[in-house]
Structure formats: C-alpha cells, structure tokens
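Below is what I looked up, in the order I got to it.

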Amino acid sequence: MDKRITHSVFEDVAERFPGRIAADEPGRAVTYRELNAAANTVAHALRAGGIGRDAVVGVFLRNSIDYIVAILGVQKAGAVFLPIDVDTPRRRFETILHKAEPAALIANEAFAPDLRERLRAIPGAAAWLLGVGAAGAAW
C-alpha cells in the first residue's frame with residue numbers, strides 16, 4: 001500500500017501524464033499540468049501569507065475543479081484543509097470558525113460576497129480570505 005501524501009501521488013501522476021484530462025465539469029476541463037500549476041499557485045499564495053505546516057485553511061466552495069485546486073494547494077502548503085459547506089447556516093458557520101480558528105479561508109468569486117458578509121460578524125476575519133478562480137489565480 002502506498003503511504004505517500006495525496007498531493008505527492010498527484011504530482012507523480014501529473015508528471016507522467018501532463019496532457020491528460022485530470023478533471024472536468026460542465027464547460028470546463030483541465031489537464032494534470034494545469035491542475036498542478038493551479039494548486040501550486042494556491043500553495044505559494046498561502047505560504048506568502050505565512051500559512052504553512054499544520055495551519056487550518058477553510059475551503060468554502062462547491063464541489064468543482066476549484067475545490068480540487070484548493071484542496072491540493074492547501075496540502076502542498078503543508079496546511080490542513082477544513083471543508084465548509086457553502087449552504088451551512090450562518091450560526092453554524094460562525095461556530096465552525098470560532099472552534100477551528102482557520103488561518104485562511106478559500107473561496108471563489110461566486111461566493112465572495114456571501115463569505116465577506118458572513119465574516120463581518122467575526123472581528124479580524126476578513127483578512128483570512130483568499131480567492132481561487134480559473135487556473136488557481138488568487139484574488
């Protein structure tokens with residue numbers, strides 16, 4: 001049984017099959033090369049923000065290519081990802097953040113307005129937001 005970390009196995013596959021489709025969704029497909037590059041962009045953005053080993057990073061996205069990018073990017077940064085359902089009621093969301101104390105939250109532009117609104121209730125939390133979009137570009 002292979003006991004390597006998920007992102008290490010993924011990187012090996014990306015190196016062996018860079019041009020193959022790694023993930024797709026309606027209207028969008030990415031190769032292993034593209035997915036790996038996008039995850040690296042997220043990892044570098046997290047590290048540049050001082051987020052690394054064992055830090056908790058919330059992922060506030062629907063299941064999508066961006067979700068995969070976020071998970072791999074968080075792992076590559078050495079952090080721990082905390083999936084947060086985008087339909088989580090506001091009070092439950094606040095409880096999760098208070099208990100988990102994430103160092104950052106990752107969302108895409110579609111959820112940014114709702115997430116910013118939710119974060120207003122938590123002092124200093126707005127600084128946690130990192131956006132991920134097509135090709136892992138941070139905003």
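Predicted model: local features only at pLDDT ≥ 70, side-chain atom pairs only at ≥ 80, totals over all residues.

**Entry 1: H1 against H3**

The axes of H1 and H3 are 9 Å apart, and the two helices pack at an angle of about 110°. That angle falls in the 65 to 115 degree range, so H1 counts as roughly perpendicular to H3. I noted the handedness too: H1 passes H3 in a left-handed crossing.

Which residues make the contact? From H1 I wrote down Thr6, His7, Phe10 and Glu11, and from H3 Leu72, Gln75 and Lys76. Sorted by class, the contact of H1 with H3 has 2 nonpolar, 3 polar and 2 charged residues.

**Entry 2: H1 against H2**

Next I turned to the other helix pair on my list. The axes of H1 and H2 come within 8 Å and cross at roughly 140°. This makes H1 oblique to H2, since the label roughly antiparallel is kept for angles over 145 degrees. The crossing of H1 and H2 is left-handed.

On the H1 side I found Phe10, Glu11, Val13 and Ala14, and they meet Tyr32, Leu35, Asn36 and Asn40 in H2. The class count for the contact of H1 with H2 is 5 nonpolar, 2 polar and 1 charged.

**Entry 3: Phe10**

Phe10 turned up in the H3 contact and in the H2 contact, and I gave it a page. Phe10 sits in helix H1. Is Phe10 buried or exposed? Its relative accessibility is 11%, so Phe10 counts as buried.

I then left aside the neighbours within four places in sequence and listed what Phe10 is in contact with: Tyr32, Leu35, Asn36 and Leu72.

**Entry 4: aromatic pairs**

How many aromatic pairs does the structure hold? I count 2 aromatic pairs.

One of them brings me back to Phe10. The ring centres of Phe10 and Tyr32 are 5.8 Å apart and the planes stand at 40°, so I logged the pair as tilted. Phe10 belongs to helix H1 (residues 6-16) and Tyr32 to helix H2, so the pair ties together parts that are 22 residues apart in sequence. Both Phe10 and Tyr32 are buried.

The rings of Phe60 and Phe93 make a pair as well, with centres 5.6 Å apart and planes at 70°, so this pair is edge-to-face. The cut-off for that label is over 60 degrees. Where do the two residues sit? Phe60 is in the loop between E3 and helix H3 (65-76), Phe93 is in helix H4, and the pair links distant parts of the chain, 33 residues apart. Phe60 and Phe93 are buried too.

**Entry 5: positive phi**

Most residues other than glycine have a negative phi. Asp54 is not a glycine, yet its phi is positive, near 70°. I found Asp54 in the loop between helix H2 (32-48) and strand E3 (56-59). Its relative accessible area is 55%, and the cut-off for exposed is over 50%, so Asp54 is exposed.

Glu101 is also on the list, with a positive phi of about 50° although it is not a glycine. Glu101 lies in the loop between helix H4 (90-100) and strand E5 (104-107). With a relative accessible area of 61%, Glu101 is exposed.

**Entry 6: Thr31**

Thr31 is in strand E2 (residues 28-31). With a relative accessible area of 13%, Thr31 is buried. Neighbours within four places aside, Thr31 is in contact with Pro18, Gly19, Arg20, Ile21 and Ala22.

**Entry 7: the whole chain**

Last, I stepped back to the protein chain. Its secondary structure comes to 5 helices and 6 strands. From the N terminus on, the elements run α-β-β-α-β-α-β-α-β-α-β. The protein chain has 139 residues, and 45% of them count as buried. I also looked at contacts between residues at least 6 apart in sequence: 66% of these join residues at least 24 apart.

Conventions. Residues numbered from 1 in each chain as written. Heavy atoms only, no water. Helix = DSSP H or I, 4+ residues; strand = E, 2+ residues; numbered from the N terminus. Buried < 20%, exposed > 50% of the residue type's maximum accessible area, 1.4 Å probe, protein only. Phe/Tyr/Trp six-rings, centres within 6.5 Å; stacked < 30°, edge-to-face > 60°. Axes fitted to C-alpha atoms, helices over the stretch in contact; angles between N-to-C directions. Parallel < 35°, antiparallel > 145°, perpendicular 65-115°, else oblique. Left-handed = near helix turned anticlockwise from the far one by under 90°. Contact = heavy atoms within 4.5 Å. Nonpolar A, V, L, I, M, F, W, Y, C, P; charged D, E, K, R; others polar.
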